[in-house]
Amino acid sequence: MKLFTKLTLSAAALTLLTACEDELDFQYHDIEPLKVIEGTFTQEGGGLKITLTTPMDEPLDTTPLTDADVAITDLTEGTTYQLTPDAEGIYRLPEGIVPLTGHEYAVDVTTAGQHFKATSTMLPPTSIDVLEFSWIAFPGTEQASLQVGFPDPEPGVENYYFVKIYRNDRTFTWSLARDIYMVDGLVRVNFFLTDREPKDDATFYDMLEPGDVVKAEVYPVDLKMFDYLMSAAMPGKNMIDYFSGDKCLGYFLTAPVASQTIVYDPEKIDLHN
Amino acid sequence: MRFSIVLAALALTMSISGQALAMSKEHPDTTLRLNEVTVTATSPMTRLDNLQAGAEKLDPEILTGTPAMLGEHDIIKSMQLLPGVNSEGEGSGGIQVRGGTSAQNLIIFDGAPLYNPTHVMGLFSTFNEDAVAAVTLFKGPAPAQYGGASSAVVDVMHRPGNPDHFRGTASIGLLSAKAAVEGPIGSRLTYAVAARRSYADLFLKLLPDYKSTIMHFYDVSGKMRWHVNSRNFIDLTLYRAEDQLGLKNLTHMDWSNSFGALNWHSRLTDRLTLTSNITGTIYSTSMWMDVNGVFQEAQGHIKAVQMKEALTASLSDAFTLDAGLSTRLLDVKSAEWHIGENTESELRRGWETGLWASVEGKLNEHFGLVAGMRLSLMCGLGGNPIYNFAPDGTMIDAGTPPKSHITKAYLLPEPRLSLTYRLAANNVLRAGLSMTSQNLHALRMTDSSLPFDRYALTSNLVKPERCTQVSLGYVQMFREGEWEISAETYYKDLHNVYDYCDGATMFSDVRLENIILGGRGRSTGLELLLRKNTGRFTGWIAYTLSLTQNRIPGINDDRWYVAANDRRNDLAIVGMFDITDRWRISGSWTFNSGLPLSAPDVKYDWNGLTHYYYTHRNGYRAPSAHRLDISATYRKVNPRYSYEWSFGFYNLYNRHNPYIIFFEDDDTKPSGTKAVQYSLFGIVPSVSFTINF
């Protein structure tokens, strides 16, 4: 449905006859920086990063904060683990500790007199069974559509999924899915990734180059995370708060990840329509 | 400028009750053809006699005389040039009145309600000017017979057909072609039919790259009037408008409005008239896409069947009484989603009844009033799954009650009062008070209405939207109505204004009641008008100063914030000049303060992508918008036909007015971020040719 939203909004653009684009000289308000906590833990490891927001007229600052007390508690077993930052400033679980399927976890972050808390449940894993490109014909161009297909790990239970796409190991785009997206036994998500014809002024996010390695990751997520991600898909509005306690941005996710890669080769892609 | 239109006095009763009787008194001989009266260029001074505050009976010819975008004259869009009325944004065909949104207006056509009656994703209204006989706009207190709108009422009447001879018109412009015919059939029947269709798709099919493109709209309407006898006539009106947009076998969007209306006007006695009305309206939307075997479709509809009985009694020479009853069944599908092999939908049904009585008249030579009361009863009906909220806020299933079961009933009194005080022969003071309610809540994904907005119906969880409005105005004419000045101020207070919860989109949950929250709204403003009504040069300057705010729990820390439809300053300068008998030029210059804008204050890295944080809802303003539109019309009249060429420029000085403002990464900028303004239209030329026979 994220694609639907995009289609609805872009439909207005189809009607435009003399549309034009201008850059604005925008004067932003000054506000105190907010903390941003991003914690993702999978069966393969993961970590938690704390950063600060950056004023709009400055380059994005992703320098991690390393002076926080971070603890993760396995609420199912009652065990608490203290996390320590590594050389890159990422807080890691102790060696050999990974989240377990069916367990609920809580994270507690304390820094500069502020406290933030969130929970997440590790759901059963899925696998990527379909990862393929096809050309979709649009007026005057063709777009490469990437379909990601994966089975529902818990038939009969409503599940939600976070699907990320990387271009050469850098985040390219993402989407959401539910079991209702199932066709022929697989939950299927389509991404329009690139025009066939190269663009002169294309940015990293505008299109793929032949030979690019495209990686898809699928995370089964709980409803709270799904709602959070749904709010992240809404342009021009804030995401809902994931953490309780003091105000901060970000999320805490424990989820099994399934991943697979494909190389973008325009000559080997079939036309769908 | 002179014009003549044929109206039925009783039909006028539907739009401005009381005035119709006043007219019939002025033209007693018209009863021979059941109250048909010819309204010929009534003096602007007669507007001072109008007892209804905030009401404007609009002359379609003047409205369509203003410059038009792409040569498409649009009666609804032309209203945007009036004080207190503005557009939703650049290029939008919807109107916002006194701080309301376009979805809070009631638009009726021959008594039938229309929902989002726009073409081309909202650029034009679906009203073909050739089909329209009269338009009345109620910005202030609407008469008690109108219910279901917490903002303005726009009452449009279809042409009934020329009773004397056949007439026709056909025109072609850059965007569409249209035709209309009307005339008598025998001595007791008249008809009028009008149709319009865009034709860009016919040319697109000739281009190989674009042959799969589907892009067209049309509207067609017809009205037939049967003069049963000297005391009765019956009107049948049929209407359909549809837009289609898509790519063959890949994606498709369409939305349509259809209605049928049967109106029986009966003069029971010389002092008593009865109008019976049955209408059925269907508004439906559908969009689907089929990508790599994954089919997704979203549908929605509003179906309304209504019956109405309206009685007008002349109590004395000075007073008339209007009373009536209307009842309407509503069937609202807020969404039906087909995704792959699965389907989800939400349907709500309601039964809306209104009972009203209203007295209009002059107490003495100075005082006049329209005092009415409407009782609105809204019953949510069963037949579909309904929900409740648990104490922790979780939505829980409350079962599926039988179709006839009333899930919740709301009885709301809606007083309507207009007072006028004639200070002198050339000026009048008007005051108004009204309470109104609306049971159909449009939930908009953007700040403008789109065909695919979802609609919530008042239910056990959703309350009727309530609006209280007070207004005070002054009108003065100079030189026998040649010049007119007016000033009007208003204050509106709204309850149960619904919006999506923070973080929710229209696709978040098929259960719409689970993702919306109700709050409050308020609006205040001052409207000033200077108008030249007669002579070779006519026109007006309209200025509105206004403030519109909302407060909805969970948004902006529960504090009041400037609403997305707030227009602080709104100025329109309109002029029309008859250079000769054949040439006419017209122009309009409009200025609007920048629209409120939620812009980010800071940015942050999120999953390897840049995201933004917005401290305040609508905490910024977009750049102001202004433009100059001009047109020139050449008209040649021959004995058996006439024709007209129209040339125009929309946005003559090519101002780039903001339509969408967004923020994005740009590696070439020191900050890595830029703000981009997207504008819909630069300068747009137009030409059209019309032939009348």
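Reader: Let's start with one residue: is Asn651(B) buried or exposed?
Author: Happy to, and keep in mind that this is a predicted model. Asn651(B) lies in the loop between strand E41 (642-650) and strand E42 (660-665) of chain B. Its relative accessibility is 0%, and buried means under 20%, so Asn651(B) counts as buried.

Reader: What is the phi of Asn651(B)?
Author: Most residues other than glycine have a negative phi. Asn651(B) is not a glycine, yet its phi is positive, at about 60 degrees.

Reader: Which loop of chain B holds Asn249(B), and is that residue buried or exposed?
Author: Asn249(B) also has a positive phi, near 65 degrees, in a residue other than glycine. This asparagine sits in the loop between strand E16 (232-247) and strand E17 (251-269) of chain B. Exposed means over 50% relative accessible area, so Asn249(B), at 57%, counts as exposed.

Reader: What share of the residues in chain B is buried?
Author: Along its principal axes, the C-alpha trace of chain B spans about 80 × 55 × 50 Å. The chain exposes about 26000 Å², with carbon and sulfur atoms supplying 60% of that area. Of the 693 residues in chain B, the buried share is 61%.

Reader: Which residues does Thr590(B) contact beyond its neighbours within four places in sequence?
Author: Thr590(B) belongs to strand E35 (residues 583-592) of chain B. Its relative accessibility is 11%, so Thr590(B) counts as buried. Leaving aside neighbours within four places in sequence, its contacts are Leu81(B), Leu571(B), Ala572(B), Ala625(B), His626(B) and Arg627(B).

Reader: And chain A, what is its radius of gyration?
Author: Chain A has two helices and 19 strands. The globule rule gives 19 Å for 273 residues, and chain A comes close to it, so this chain is as compact as a globular protein of that length. The radius of gyration of chain A is 21 Å.

Reader: How many residues are in the largest nonpolar core?
Author: In soluble globular proteins, nonpolar side chains tend to be buried together. Here, the residues with the most contacts inside the largest core include Phe133(A), Leu146(A) and Ile165(A). Leu146(A) touches Phe133(A), Ile165(A) and Leu193(A), among others that lie beyond four places in sequence. The number of residues in this largest nonpolar core is 54.

Reader: How many residues does the second, separate core have?
Author: This second core includes residues of chain A, Tyr219(A) and Leu229(A), together with Trp606(B) and Tyr613(B) of chain B. Its number of residues is 47.

Reader: Which element of chain A has the lowest mean pLDDT?
Author: Chain A as a whole has a mean pLDDT of 89, and 93% of its residues reach 70 or more. Over residues 1-17 of this chain, however, the pLDDT is below 50. Among its elements, E16(A) has the highest mean, 97, while the lowest, 45, belongs to helix H1 (residues 2-14).

Reader: Where in chain B does pLDDT stay under 50, and what ipTM does the complex get?
Author: Chain B averages a pLDDT of 87, with 93% of the residues scoring at least 70. The stretch that stays under 50 is residues 1-41, for which the model has 103 contacts beyond four places in sequence. For the complex, the predictor gives a pTM of 0.87 and an ipTM of 0.90.

Reader: Last one: how many disulfides does the structure hold?
Author: A disulfide is a covalent bond between the sulfur atoms of two cysteines. Cys248(A) and Cys379(B) each have 4% relative accessibility, so both count as buried. Over all chains, the number of disulfides is zero.

Notes: Residues numbered from 1 in each chain as written. Chains lettered and ligands numbered in written order. Heavy atoms only, no water. Disulfide = S-S within 2.5 Å. Buried < 20%, exposed > 50% of the residue type's maximum accessible area, 1.4 Å probe, protein only. pLDDT = per-residue confidence, 0-100. Contact = heavy atoms within 4.5 Å. Areas by Shrake-Rupley, 256 points an atom, 1.4 Å probe, with all protein chains shown as cover. Core = buried A, V, L, I, M, F, W, Y, C linked by side-chain atoms within 4.5 Å. Helix = DSSP H or I, 4+ residues; strand = E, 2+ residues; numbered from the N terminus. Rg over C-alpha atoms; globule rule 2.2 N^0.38 Å.
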